[in-house]
Structure formats: C-alpha cells, structure tokens
Amino acid sequence: MQSKSKLTLNQIPCGYIATDLKSQITAVNKVLCEWLETSEEELLGKHIGTLMTTSSRMLFLGNILPHLQKNQQIEENYLLLKTKLQDALPVLINCKEILHDNQAYYSYALMKMQRRRLIEEALVQERRRAEMATEEKEAMNLELQLAQKEIVQKQQALEIANAELQALSATDTLTQLPNRRVYERELEKNLALYQRSRQVFSIILFDIDFFKKINDLHGHDIGDLVLQNIAKILTKQLREIDILTRIGGEEFVIILPLTQVDQAKDVAERHRSAIAKGDFVCGKVTASFGVTQVHPDDNNSLLYKRADQALYLAKQNGRNRVEIK
Ligand SMILES: Nc1nc2c(ncn2[C@@H]2O[C@H](COP(=O)(O)OP(=O)(O)OP(=O)(O)O)[C@@H](O)[C@H]2O)c(=O)[nH]1
C-alpha cells in the first residue's frame with residue numbers, strides 16, 4: 001500500500017504499519033523505522049510477527065491476529081517490538097481492516113508505552129515494598145502480642161506467688177490462724193480508727209492453763225494437738241468481725257472491733273466455756289482470759305499490758321475464768 005497519504009503518516013506522532021491479509025508488511029512510517037532503528041526497505045515484505053519479541057509474537061499469532069481476522073479490528077493490545085539492537089520496545093497496538101484500491105489491508109497504529117511501562121514497573125515495585133512492609137509490621141505485631149501475652153501470664157503467676165507468700169507470712173503454721181504479724185497490723189488499724197473516729201474496740205488475751213503440765217505429761221506433740229484443737233473450737237464460734245490470732249506459744253489474742261468491754265467479756269466467756277467443754281486427747285483443758293477495751297491515749301503495748309494484767313488476775317483467781325481490766 002504505497003500511497004499519497006505517506007506524507008501524512010510520517011507526520012503523525014505514532015508508529016504505523018500496514019500489512020496485507022497474510023500479515024506481510026506493505027507500508028511503515030518513518031516514526032516506526034526510527035523506533036526500531038531500521039529502514040522502510042528492510043521492513044517491507046516481512047511478516048509483522050518478525051518485528052516482535054518471541055513471547056509477543058506468540059501472543060500475537062495465537063490470540064491477537066485470530067481476533068483481528070474474526071472481528072476486523074483490535075484495540076489496545078500491549079506488545080513488545082524488537083529494535084535492531086534487540087532492545088524490547090513496549091507498544092500499544094490498535095488495528096483495523098481497511099479497503100484501499102479495492103484491496104483489503106490491516107492498518108496498525110502503534111503508541112510507544114515505554115514511560116508508562118517504567119511507571120507501571122515502579123508502581124509494582126512500590127506495591128511489593130508496601131506489601132513487604134505490611135508483612136513485616138504484621139509479624140512484629142504478632143511478636144508484640146505474644147510478648148504481651150507472656151508478660152500478662154508472668155504477672156498473673158507473680159500475683160499468685162505473691163498472694164501465696166502473703167498468706168504464708170500471715171499464717172501460723174501450726175494452727176493455721178493469723179499470726180502475730182496480723183495481730184500487730186490489725187491492732188494498729190483499730191487504734192488508728194479509734195483515734196480518728198472514736199470507734200471503740202476491745203481485745204481478749206488468753207492462754208491455756210497448766211499447759212506446761214500437758215506437755216510434760218503427754219508430750220509436746222499432744223501439746224501441739226491441743227493448740228490446734230483450741231484453734232478449731234474457737235474458729236467455729238467466732239463472730240465474723242472478730243479476728244482470732246496466735247501471737248506465740250500458748251498465747252492467743254482476739255481483736256473485737258466495735259465492741260465494748262462488757263460485750264467482749266461475754267464473748268470471752270463463750271470461748272472459755274467452749275474450751276472447757278471441749279474434748280481433748282489429753283482429757284480436759286481450760287484457759288484463762290483477760291479482757292480490756294481501748295482507752296484514750298492508748299497504744300499497742302499499753303493495751304496489751306492491760307489485757308495481760310487482766311489475764312494474770314484470772315490466773316490468780318483460780319484459772320478457767322475471765323477478768324476485765
Ligand atoms: N506443745 C507446744 N508447747 C508449747 C508451744 N509453745 C509454748 N509451749 C509450751 O507452753 C508452756 C507454757 O508454760 P507456762 O508459761 O509455764 O504456763 P502454763 O504451764 O500454761 O501455766 P499457766 O499459764 O500459769 O496456767 C511451756 O511448757 C512451753 O514450752 C507449742 O507451740 N507447742
């Protein structure tokens with residue numbers, strides 16, 4: 001298809017190829033020759049597929065050309081042409097079957113796609129980088145979550161261990177009653193409450209009568225059983241607000257919040273009677289009780305001293321009894 005329109009085809013800013021229906025090149029424009037670094041003479045008569053890279057040729061022959069033959073036109077097909085130096089040149093091809101001098105031709109317009117391809121490649125790379133960054137972030141998040149879970153688990157284990165330790169340090173191992181440390185803490189607490197808001201409280205100090213004799217007669221182990229039995233008996237009938245503690249040896253203190261001395265005496269009386277009625281491996285056991293109520297200007301040791309004086313009085317007055325001071 002050599003024609004007068006050649007001048008116009010050489011001026012348009014895209015490549016142009018015309019082939020016969022067997023795809024033999026019949027016309028090209030200058031732009032295309034410049035792109036492929038070749039001449040019109042070298043291209044004329046060649047099959048159009050020879051201008052393409054192998055993969056593009058396969059695509060063209062297997063897919064694009066049959067489509068063109070069937071529909072007489074194709075649009076926006078992306079292919080790679082080969083330059084003389086075997087560089088790949090990406091182009092977008094449109095083609096239409098035309099009639100010229102009663103002869104049918106395929107008329108191809110080609111647009112260079114190099115810049116777009118570079119941009120697309122850059123975009124693909126950018127997307128890949130973003131995907132990798134996301135994957136990395138997700139992996140780090142997962143690691144963080146695992147670390148946080150581990151910290152929570154360790155904290156829980158620590159809290160349990162702390163609670164166990166606290167319980168141990170507050171408990172008398174023989175009787176399982178709160179120990180002297182709890183007694184001191186609770187006494188301080190009640191003294192502070194009394195000093196701040198005049199909340200009266202009392203304490204009962206008691207110890208087992210002739211306990212030395214029990215040990216001497218029946219052995220220390222039986223003495224221990226007696227201590228445990230007393231703890232059980234008193235715990236059973238303890239008022240909810242009262243705190244029974246073993247402060248050492250065969251000496252116990254009950255702290256009675258919000259309790260006047262007369263009431264405390266009644267409580268002590270009940271405990272005394274329960275012990276006296278109790279069954280012990282060594283026979284009968286009794287205890288003596290000293291009761292006192294908090295006074296203005298009291299402190300820990302003054303309060304204890306008064307309770308001890310009351311207990312001494314109970315021992316003096318024949319044991320197995322309650323005295324007030
Ligand atoms: N089995 C046993 N005995 C203990 C324990 N702690 C202290 N004792 C004994 O308790 C006895 C207390 O004796 P004393 O202070 O003379 O008093 P008591 O014999 O009870 O006489 P009174 O209190 O005057 O009635 C001592 O023999 C101590 O060894 C203990 O944990 N277990």
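A residue counts as near a molecule if its C-beta atom, placed from the backbone, lies within 6 Å of it. I began with that cut-off and kept in mind that this is a predicted model.

**Entry: the ligand**

I looked up the residues around the ligand and found 17, of which D209, F211, K212, G223 and G249 come nearest. I sorted the shell by class and got 5 nonpolar, 4 polar and 8 charged residues.

**Entry: the mixed sheet**

I traced an open sheet of 5 strands in the order β7-β8-β6-β9-β10, and its pairing is mixed. I noted that β7 (243-248) and β10 (322-324) each have a single partner strand, so one side of each has no neighbour in the sheet. Neighbouring strands here are turned by 20 degrees against each other on average, direction ignored.

I picked out V291, whose bridge partner in β10 is I324.

Next I looked at the helices on this sheet. Helix α9 (residues 261-277) packs on it and touches β6 (201-208), β8 (251-257), β9 and β10, with its direction at about 170 degrees to that of β9. Helix α10 (residues 300-316) also packs on the sheet, touching β6, β9 and β10, and its direction makes about 140 degrees with that of β9.

**Entry: α8 against α9**

Two packed helices are described by the angle between their axes and the distance between the axes. I looked up both values for α8 (residues 220-236) and α9: the axes come within 10 Å and cross at roughly 135 degrees. The two helices are therefore oblique to each other. I recorded the crossing as right-handed.

Which residues meet where α8 and α9 are in contact? I found I230, I233 and L234 in α8 against H271, A274 and I275 in α9. By class, this contact has 5 nonpolar residues, 1 polar residue and no charged ones.

**Entry: the antiparallel sheet**

I traced another open sheet of 5 strands, ordered β2-β1-β5-β4-β3, with antiparallel pairing. Its edges are β2 (25-28) and β3 (73-82); each has a single partner strand, so one side of each is left without a neighbour in the sheet. Neighbouring strands are turned by 30 degrees against each other on average, direction ignored.

I checked β1 (residues 15-19) and β2, which run antiparallel and are joined by 3 bridges. The bridge partner of I17 in β2 is V28. Last, I noted that helix α4 (residues 54-71) lies across β3, β4 (88-100) and β5 (103-112), running at about 160 degrees to β3.

Technical notes
Residues numbered from 1 in each chain as written. Predicted model: local features only at pLDDT ≥ 70, side-chain atom pairs only at ≥ 80, totals over all residues. Pairing = 2+ DSSP bridges. Helix = DSSP H or I, 4+ residues; strand = E, 2+ residues; numbered from the N terminus. Axes fitted to C-alpha atoms, helices over the stretch in contact; angles between N-to-C directions. Contact = placed C-beta atoms within 7 Å. Parallel < 35°, antiparallel > 145°, perpendicular 65-115°, else oblique. Left-handed = near helix turned anticlockwise from the far one by under 90°. Nonpolar A, V, L, I, M, F, W, Y, C, P; charged D, E, K, R; others polar.
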